[in-house]
Amino acid sequence: VQLQASGGGLVQAGGSLRLSCAASGRVFGINTMGWYRQAPGKQRELVADITTGGSTNYLESVKGRFTISRDNAKNTVYLQMNSLSAEDTAVYYCNVLRFGMTYWGKGTQVTVSS
């Protein structure tokens with residue numbers, strides 16, 4: 001499985017960004033898709049994930065601001081990020097789970113200026 005993420009960038013505090021991650025290759029059997037992030041000097045953390053059936057899970061600090069969604073036909077997961085703050089600055093990584101295996105995309109940088 002190959003994962004191609006896009007949509008990161010520089011945004012002012014209070015602004016919005018939308019991340020996308022498209023899976024290709026052996027996509028049959030992909031289950032949970034999600035986004036993690038890693039800020040400098042911090043551990044990677046789960047931001048949000050979504051199952052094939054649409055059940056979602058969010059990091060407490062992003063609830064009400066971020067929305068994860070997916071298009072199963074396109075094997076693509078999205079992360080709509082609103083009301084961004086400097087604390088959201090990090091490298092964001094796409095992640096999928098397929099038959100018990102975890103796959104990671106290359107990170108995309110999100111920088112929020114205050």
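User: What makes R44 count as lying over the face of Y93?

Analyst: R44 lies 3.7 Å from the ring centre of Y93. A charge sits over a ring if NZ of Lys or CZ of Arg is within 6 Å of the ring centre and within 35 degrees of the ring normal. The charged end of R44 also sits over the ring of W104, 4.6 Å from its centre. This is a predicted model, in which local features need pLDDT of at least 70 and side-chain atom pairs count only at pLDDT 80 or more, while totals for chains, interfaces and linings use all residues. Residues are numbered from 1 along each chain as its sequence is written, and side-chain values use heavy atoms, with hydrogens and water left out.

User: How many aromatic pairs are there?

Analyst: The count is 3 aromatic pairs, where rings of Phe, Tyr and Trp (its six-membered ring) pair if their centres lie within 6.5 Å.

User: Why is the pair of F28 and F99 called tilted?

Analyst: The ring centres of F28 and F99 are 6.2 Å apart and the planes stand at 50°, so the pair is tilted: planes under 30 degrees apart count as stacked, over 60 as edge-to-face and the rest as tilted.

User: Are F28 and F99 buried or exposed?

Analyst: Both F28 and F99 are exposed (over 50% relative accessible area, with buried under 20% and partly exposed in between; 1.4 Å probe, protein chains only).

User: What makes Y36 and W104 an edge-to-face pair?

Analyst: Their centres are 4.9 Å apart, with 70° between the planes. Y36 counts as partly exposed because its relative accessibility is 22%, and W104 because its value is 40%. Ring pairs link Y36, Y93 and W104 into a cluster.
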